[in-house]
Amino acid sequence: MLDAAYYAALGLSSIHEKVLAGQRLSFDDGLALFRCPDITAVGALALHVRCRLHGHKAFYVVNRQINYTNVCVNGCTFCAFRRDAESDPGAFAMSLDDVMARLRAADATPLQLDELHIVGGCHPTRPLSWFEDMIRAVRAFNPNLPVKAFTAVEIEHFSRLEGISSLEVLRRLQAAGLVMMPGGGAEIFDEELRPQICPHKADAAAWLRISGEAHSLGIKTNCTMLFGHIESRRDRIEHLMALRDLQDETGGFDAFIPLLFKPSNNPLSHLGELNIIEVLKTFAISRIVLD
C-alpha cells in the first residue's frame, strides 16, 4: 500500500517520503492529506506511523467515569447535557455519598479498574473544597486507584469561583490526590469560532496555559478536539499544530482523542453528522500530524 508511484500519482510524494523517514508534516501537508481522494492511502500512512511507534499493539484503560453534575454555566451550543440550575428538569448534582456509591459499585465488579475518571459541568456555586474532599475520599477508599479528574475548563472555572490562580487550584487538587487530567474542553481553538459554540468557556489560550501548568507540576493530561460542527479542515489542522507545539514544550500529553460532534438535542442539530470518510480521515491525519 505504501507504493511510491501510487503516492506520486496522488500528488503526495513528499508526504509519503516524510512519513517513511519519520519526519514531521507541515500545516500544508495536513491539508493535502484531507484533499486526498483515497482514504486507504491516508490510512496506510497512519498505520505506518502507529506501527513505527507501537508495533501492532493497541492500548486501553478500564475506568469508572463519574459525571458529578450537569448543571453548568457555560452554555455551549453543541451540548445536549447541561442544565442551568439544579431545579431544572433532568438536572442532577451528586453528593459525596453518591460519588462513593458509584465507585463502590464499580469496585465490586470483576473488572480491575485502572483509573477513576471524574468530570462534570461547571457548577455555579460548588466550592473547590468539595472537590478536594471528593478526591481525598476516593483516595482513602482505594489509595492505588489513580484519579484522573477535571478538564482545563473546570480548573479555570474553579479559579474564577475561588478568586485564586489556576496554578494554585492545580496545586491544591494535586495535594488532595489528583494525578492526571482528562482533555475535554479544548473543542476547537479558533477564536472566531469559539464564541459561536462555547461563548462562556475558557478560551483557547487559557486551555493551553492550564494544560501547560498541569504538566509543569507533573500532572499528565489528555487532549481533545471537537470536530464535525462549524469548523473547517484548516481549523482542525491549526488545532493539531497548537497541541503539537505544547507537547514539544512540555511532553505532558498522554493521549489525543478526536471527539465527533453529535447533532442531537442541541442548537446545532441542523448541521447533521459528518460523513464517515471525513471522520476516518480526521483520525488518520491526527495520528500522522501529531507524530
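Visitor: Why are E213 and R209 said to be separated by about one helical turn?

Guide: In this predicted model, E213 and R209 both lie in helix 10 (residues 204-216) and are four residues apart, which means a separation of about one helical turn.

Visitor: What makes the contact of E213 with R209 a salt bridge?

Guide: The closest N and O atoms of E213 and R209 are 3.2 Å apart. The criterion asks for a Lys or Arg side-chain nitrogen within 4 Å of an Asp or Glu carboxyl oxygen, so the pair qualifies. Salt bridges with shared partners join E156, R160, R209 and E213 into one network.

Visitor: Why is E213 called buried, and what is R209 called?

Guide: E213 has 16% relative accessibility; the limit for buried is under 20%, so E213 counts as buried. R209, with a relative accessible area of 37%, is partly exposed, because that class lies between 20% and 50%.

Visitor: Why is strand 2 described as largely enclosed by the rest of the structure?

Guide: Five of the five residues of strand 2 (residues 115-119) are buried, and the strand is therefore largely enclosed. E115, H117 and V119 point one way, L116 and I118 the other way, and all are buried.

Visitor: What makes strand 2 a paired strand, and which strands are its partners?

Guide: Pairing requires at least two bridges. Strand 1 (residues 63-67) is joined to strand 2 by five bridges, in parallel, with Q65 opposite H117. The chain passes from strand 1 through helix 5 (residues 96-107) to strand 2 in a right-handed β-α-β crossover. Strand 3 (residues 147-149) also pairs with strand 2 in the parallel sense, over three bridges, and there K148 is the bridge partner of H117. From strand 2 the chain crosses through helix 6 (residues 128-141) to strand 3, again as a β-α-β crossover that is right-handed.

Visitor: What links the side chains of E115 and K148?

Guide: A salt bridge does, at 3.0 Å from N to O; this falls within the 4 Å cut-off, so the name applies. E115 in strand 2 and K148 in strand 3 are 33 residues apart, and the pair links distant parts of the chain. E115 counts as buried at 7% relative accessibility, and K148 is buried with a relative accessible area of 7%.

Note on methods
Residues are numbered from 1 along each chain as its sequence is written. This is a predicted model: local features need pLDDT of at least 70, side-chain atom pairs count only at pLDDT 80 or more; totals for chains, interfaces and linings use all residues. Side-chain values use heavy atoms; hydrogens and water are left out. Buried means under 20% relative accessible area, exposed over 50%, partly exposed in between (1.4 Å probe, protein chains only). Helices (H or I, at least four residues) and strands (E, at least two) are DSSP runs, numbered from the N terminus. A crossover is right-handed if, with the strands pointing away from the viewer, the path from the first strand over the helix to the second runs clockwise.
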